[in-house]
Amino acid sequence: MDFSIIFGNLDIYLEGLKNTAILVSISLLIGLALAIPLAILRTSRNYLVAAPIRAFVYFFRGTPLLVQMFLIYYGLGQFEVFKTSVLWPLFKEAYFCALLAFTLNTAAYTTEIIRGAIEGTPHGEVEAAKAAGMSKALMFRRIILPSAFRRALPAYSNEIIFMLHGSSLASVITIIDITGAARIVNSRFYSPFEAFLTAAVFYLCITFAIIWLVNKLEFRWYAHLRPQDTGTADVGV
Amino acid sequence: MFSLHGYGPSILEGAFLTIAVALSSLLISMFLGIIGALAKLSRSKILQIGAKTYTTIIRGIPDLVLMLLVFFGGQVFINQVAPLVGYDEYIDINPFIAGVCTIGFIFGAYMTETFRGGILAVPAGQLEAGRAYGMKPFQVFTRILMPQMVRHAIPGFGNNWLVMVKTTALVSIIGLDDMVRKAALAAGATRMPFTFYAVVAILFLVITSISVYILNRLENRYSAGVVKA
């Protein structure tokens with residue numbers, strides 16, 4: 001191991017870390033914002049509403065993220081109509097295409113996670129809300145969604161980590177994320193171990209940080225499930 | 001748009017390679033998964049820590065980084081070690097082997113968790129009963145543990161398989177001619193990237209849909225003796 005290669009190029013890795021952080025956080029935020037209404041509509045009994053969402057989820061969960069990214073980045077340029085449209089300057093950028101692919105991908109997975117959580121709502125709670133005369137919107141806001149989010153958290157934390165790992169694909173379309181930085185260092189010095197192990201350490205640290213944060217969040221959200229009067233802070237973590 | 005300009009057979013060839021990569025990786029991952037699960041549940045502290053380290057670290061690093069590490073790193077490593085044992089020619093790492101080993105190694109970690117859950121779901125009393133009958137540990141494993149563990153492990157196993165099929169797309173990055181790379185080549189030659197990547201996406205959907213069908217049948221079969229609520 002030649003550590004001078006790692007420390008000499010730390011600035012490239014930090015640049016990569018910045019890009020990874022931006023890509024992952026923005027796609028997760030927008031993806032989640034899309035997924036909540038989609039999940040609610042997906043539980044609709046109206047076939048015309050639920051079917052398109054099902055198709056969207058089916059496509060994005062059934063195909064590799066790499067192919068989705070290629071379809072958006074390389075694929076859309078095939079159409080002349082699209083190339084002359086106002087959107088083209090945006091879709092020409094690798095960064096935007098990666099972001100779009102990641103967002104749609106995580107939106108699909110998150111929709112499914114939240115849908116499962118919504119459908120897991122105890123029937124009695126829904127009946128009680130109806131009996132109390134709540135409108136559908138109020139019922140979702142006060143009863144179904146809060147408890148659904150709580151049930152969805154463990155699965156969603158997995159999704160966050162999958163998105164972090166999936167974001168390494170951005171390096172394939174020339175974006176310098178952490179993996180992209182490692183590929184640059186590898187090709188410059190031909191030192192694969194230093195280059196990729198450093199990237200691996202970066203990812204491991206971020207993964208552990210995410211797990212730690214989620215555990216904190218679970219500790220708060222599951223406060224009502226914690227045994228009472230134990231007096232210790234480590235219960236449930 | 002729907003003419004493939006004669007590249008259809010080439011893509012199909014790639015699809016078979018994709019399936020070959022997925023099935024080979026599946027074998028490796030199942031093997032590692034069973035060993036990992038037994039290690040996690042063993043009484044030996046060293047085995048437990050070893051298995052725990054394996055699953056934690058592998059699940060914390062992106063597949064692509066691991067694959068590039070094995071592909072490029074393995075190349076350097078082998079060519080440093082080979083002269084020491086008296087082999088002087090330059091060795092190229094076969095991307096098929098690098099890809100399959102990496103994917104198998106990664107999903108071995110996921111399989112470890114799945115199998116561990118499956119094993120834990122088998123009542124301990126049954127294993128004790130088996131031992132009380134004088135069965136050897138291996139017999140307890142094959143006659144009592146395995147058949148029941150499979151039922152509990154199938155849903156998780158199915159998920160792992162579906163994720164793994166999609167992960168095989170990454171082998172195109174290290175130069176293996178799977179269907180994604182075949183599509184890239186065809187797209188470059190015909191300037192129809194959307195068409196070819198769409199075909200690949202549909203083929204992936206076909207593979208995953210068939211897998212889901214088979215997995216459901218398997219699940220039914222292994223749940224034959226279970227009363228459903």
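This is a predicted model: local features need pLDDT of at least 70, side-chain atom pairs count only at pLDDT 80 or more; totals for chains, interfaces and linings use all residues.
**Entry 1: chain B as a whole**

I began with chain B and looked up its elements. I found eight helices and zero strands in chain B. Written from the N terminus on, the order of elements is α-α-α-α-α-α-α-α. Next I looked up the box that holds the C-alpha atoms of chain B, and along the principal axes it is roughly 70 × 55 × 25 Å. I then asked myself what share of the 229 residues of chain B counts as buried. The share is 38%. I also looked up contacts in chain B between residues at least 6 apart in sequence, and 76% of these join residues at least 24 apart.

**Entry 2: where the two chains touch**

**Entry 3: the nonpolar core**

I turned to the largest nonpolar core, which has 107 residues. Those with the most contacts inside this core are Leu66(A), Val67(A), Met69(A), Ala199(A), Val65(B) and Val200(B), so I have names from both chains on my list. Which helix gives the most to this core? That is helix H7 (residues 94–119) of chain A, with 12 residues.

**Entry 4: H7 and H9 of chain A**

The crossing of H7(A) and H9(A) is right-handed. On the H7(A) side, the residues in the contact include Phe102(A), Tyr109(A), Ile113(A) and Ile118(A). On the H9(A) side, they include Ile144(A), Ala148(A), Tyr156(A) and Met163(A). By class, this contact of H7(A) with H9(A) has 12 nonpolar, four polar and two charged residues.

**Entry 5: H2 and H3 of chain A**

I looked up another pair, helix H2 (residues 10–42) and helix H3 (residues 47–62) of chain A. Their axes come within 8 Å and cross at roughly 130 degrees. The crossing of H2(A) and H3(A) is left-handed. Leu38(A), Leu41(A) and Arg42(A) in H2(A) meet Val49(A), Ala50(A), Ile53(A) and Arg54(A) in H3(A). The contact of H2(A) with H3(A) has five nonpolar, no polar and two charged residues.

**Entry 6: Ile12(A)**

I stayed with helix H2 of chain A, where Ile12(A) is found. Ile12(A) is partly exposed, with 19 other C-beta atoms within 10 Å; buried would need 20 or more. Ile12(A) and Ile176(A) are 164 residues apart in sequence, yet their C-alpha atoms are 8.4 Å apart in space. Leaving aside neighbours within four places in sequence, Ile12(A) is in contact with Ala181(A), Ile184(A) and Val185(A).

**Entry 7: some loop residues**

Thr174(A) is not a glycine, but it has a positive phi of about 70 degrees. I found Thr174(A) in the loop between helix H9 (136–166) and helix H10 (178–189) of chain A. Is Thr174(A) buried or exposed? Thr174(A) is exposed, with 11 other C-beta atoms within 10 Å.

Tyr190(A) also is not a glycine, and has a positive phi of about 50 degrees. Tyr190(A) sits in the loop between H10 and helix H11 (192–221) of chain A. With 11 C-beta neighbours inside 10 Å, Tyr190(A) counts as exposed.

Last, I looked up Leu84(B), in the loop between H3 and helix H4 (95–120) of chain B. Leu84(B) has 7 C-beta neighbours inside 10 Å and so counts as exposed. Leu84(B) and Ile46(B) are 38 residues apart in sequence and 31 Å apart in space, C-alpha to C-alpha.

Key: Residues are numbered from 1 along each chain as its sequence is written. Chains are lettered from A and ligands numbered from 1 in the order in which they are written. A nonpolar core is a set of buried Ala, Val, Leu, Ile, Met, Phe, Trp, Tyr and Cys residues joined through C-beta atoms within 7 Å. A residue is buried if 20 or more other C-beta atoms lie within 10 Å of its own, exposed if 12 or fewer, and partly exposed in between; C-beta atoms are placed from the backbone. Helices (H or I, at least four residues) and strands (E, at least two) are DSSP runs, numbered from the N terminus. Axes are lines fitted to C-alpha atoms, for helices over the stretch in contact, and angles run from 0 to 180 degrees between N-to-C directions. A crossing is left-handed if the near helix is turned anticlockwise from the far one by less than a right angle, and right-handed if clockwise. Two residues are in contact if their C-beta atoms, placed from the backbone, lie within 7 Å. Ala, Val, Leu, Ile, Met, Phe, Trp, Tyr, Cys and Pro count as nonpolar, Asp, Glu, Lys and Arg as charged, and the others, Gly among them, as polar.
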